[in-house]
Amino acid sequence: MNDRSGKFITLEGIEGAGKSTHMPFISSLLQVMGKEIVMTREPGGTSLGEEIRNTLLMQKSFEISGNTELLLMFAARQQHLEEIIYPALNKGKTVLCDRFTDSSYAYQGGGRGIETDKICQLVQLVHPDLKPDLTLLFDLPVEVGLARANMRDLIDRFESETINFFQSVRNAYLKIADAEPNRVKVIDATANIKAVQNAIKTILKEQGLC
Ligand code: TYD
């Protein structure tokens, strides 16, 4: 399954951190190096995954339990790996993914309080041999991120969570970055677009990717 020659790069961060804004820039830097890029996202990336995404993001008149949310994230991920991520990596393509399993550790682990062990078990089931080669963590204070996210028209089910929830999500992300400094590179997402782009470029250069 995982006979891969391509690179797997993920983007992470709380709402309003600017991942989606920077994705095309990162893709263009990698393309200049002659890499074939697959841009994708989680939850989503496949037809089934996008249906699960809609289910998870739409405001609801009923509760979705933390475990159910976690399992749906991993169900979408399983399909995404089989249909998109593994085939692309096996062909030597670079996969640029807006969120991956670090989001589950941060949101369902940090935010919803699900034990890390439980999430690790799902990782063992769904992608025991795959970890991103590089993760860019766009970090900023929760208040700043939420203010940016709230400027958009529709507030989704996650965006309507409390400041405390997002504080826990951010802390969980920073804990992962502390534990895995070689893989997870933290970028100050409060800086202006040009400064963030320069930081991205520096990291990609250090990694020999551009
Ligand atoms: P995102 O793509 O950032 O949505 P938008 O572009 O509208 O900001 O993220 C979708 C939401 O899904 C986000 O709130 C985080 C959440 N999420 C999890 O809670 N766990 C996960 O494993 C993933 C991949 C996403």
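Start with the lining of the largest pocket: by class, 13 of its residues are nonpolar, 9 polar and 13 charged. (Nonpolar here covers Ala, Val, Leu, Ile, Met, Phe, Trp, Tyr, Cys and Pro; charged covers Asp, Glu, Lys and Arg; the others, Gly among them, are polar.) A pocket, worked out on a 1 Å grid over the protein atoms alone, is an open set of points where a 1.4 Å probe fits, with protein on both sides within 12 Å along at least five of seven lines, and lining residues have an atom within 4 Å of a point.

Before you click on, note that this is a predicted model: local features need pLDDT of at least 70 and side-chain atom pairs count only at pLDDT 80 or more, while totals for chains, interfaces and linings use all residues. Residues are numbered from 1 along each chain as its sequence is written, and side-chain values use heavy atoms, leaving out hydrogens and water.

Now select Glu15, Lys19, Ser20, Arg99 and Arg152: of the 35 residues lining the largest pocket, these lie nearest its centre. The pocket holds about 740 Å³ of space, a volume being the space filled by probe spheres set on the grid points, which are joined across faces, edges and corners.

What takes up the space of the largest pocket? Show the ligand, and you'll see that it does; to count as sitting there, more than half of a molecule's atoms must lie within 2 Å of the grid points.

Helices are DSSP runs (H or I, at least four residues), numbered from the N terminus.

Zoom in on the polar contacts (pairs of N or O atoms within 3.5 Å). Polar side-chain atoms of Lys19 and Arg77 each lie 3.0 Å from an oxygen atom of the ligand. For Arg152, a side-chain N or O atom is 3.2 Å from a ligand oxygen. Taken alone the ligand exposes 560 Å², and the protein buries 91% of that (Shrake-Rupley method, 1.4 Å probe).

Last stop: the second largest pocket, with about 410 Å³ of space. Select Asp102, Tyr105, Thr116, Ile176 and Glu180, which lie nearest its centre among 20 lining residues. Helix 4 gives the largest share of this lining, 5 residues.

Technical notes: Polar contact = N/O pair within 3.5 Å; in protein donor to acceptor, adjacent residues only side chain to side chain. Helix = DSSP H or I, 4+ residues; strand = E, 2+ residues; numbered from the N terminus.
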